[in-house]
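Please look over the sequence and the model shown below before reading on. The briefing that follows takes up the sheet, the helix and the aromatic side chains in turn.

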Amino acid sequence: MQLITGTRPHPLDPLAASEIDAARRVLAEAGLLTETVRVAYLGLEEPPKDEVLAHGPGAPITRRARAFLLDVTAGAAGDVIVNITAGRVEERHPIDPLTDGQVPMLDEEHERVREVLRADAGWIEALRRRGVHDPASVWLAAL
């Protein structure tokens, strides 16, 4: 089943909204998205260089997306390749934080860091010493 319709993209074009929706459907149908699983990253899985160089305008291509998934309850992360064109999960590997690194921080994790800091007396005092009297006016992006 082909999920891409309409104008064919270049192999290195970013994912279109319809492709993101299709990748999400594939992940959900494969049972990889649950109440506790978040998508930490979703983007184009670039094809091999020889395919890109051989591509001609309008030629058919296979579009793939890479997703990093994080189960916020279990702490388990996974690296998933979705073949958007075929509508299926093509690869799935666990991410070991000791050897592979961490998935990107989630928006909800950034918000939790801000909540913790706004409740910390030392942080509030440090802001006051710098002339900031409303901790909510400070936007913090955790790294």
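Which strands does helix α1 lie across, and at about what angle does helix α1 run to β3? Helix α1 (residues 17–29) lies across β1, β2, β3 and β4 and runs at about 120° to β3. The model is predicted, so local features need pLDDT of at least 70 and side-chain atom pairs count only at pLDDT 80 or more, while totals for chains, interfaces and linings use all residues. Residues are numbered from 1 along each chain as its sequence is written, and side-chain values use heavy atoms, without hydrogens and water.

**Sheet**
- An open sheet is formed by 4 strands in the order β1-β2-β3-β4, with antiparallel pairing (two strands pair if DSSP finds at least two bridges between them).
- Because β1 and β4 (88–95) stand at the edges with a single partner strand each, one side of each is left without a neighbour in the sheet.
- Between β2 and strand β3 (residues 77–83), which run antiparallel, there are 7 bridges, and A65 has V82 in β3 as its bridge partner.

**Aromatic side chains**
- The structure holds 1 aromatic pair (ring centres within 6.5 Å; planes under 30 degrees apart are stacked, over 60 edge-to-face and the rest tilted).
- Y41 and F68 form this tilted pair, at 5.3 Å centre to centre with 40° between the planes.
- The pair links distant parts of the chain, with Y41 in strand β1 (residues 37–44) and F68 in strand β2 (residues 64–71), 27 residues apart.
- R114 lies over the face of W139, at 3.8 Å from the ring centre (CZ of Arg within 6 Å of the ring centre and within 35 degrees of the ring normal).

Key. Phe/Tyr/Trp six-rings, centres within 6.5 Å; stacked < 30°, edge-to-face > 60°. Helix = DSSP H or I, 4+ residues; strand = E, 2+ residues; numbered from the N terminus. Contact = heavy atoms within 4.5 Å. Axes fitted to C-alpha atoms, helices over the stretch in contact; angles between N-to-C directions.
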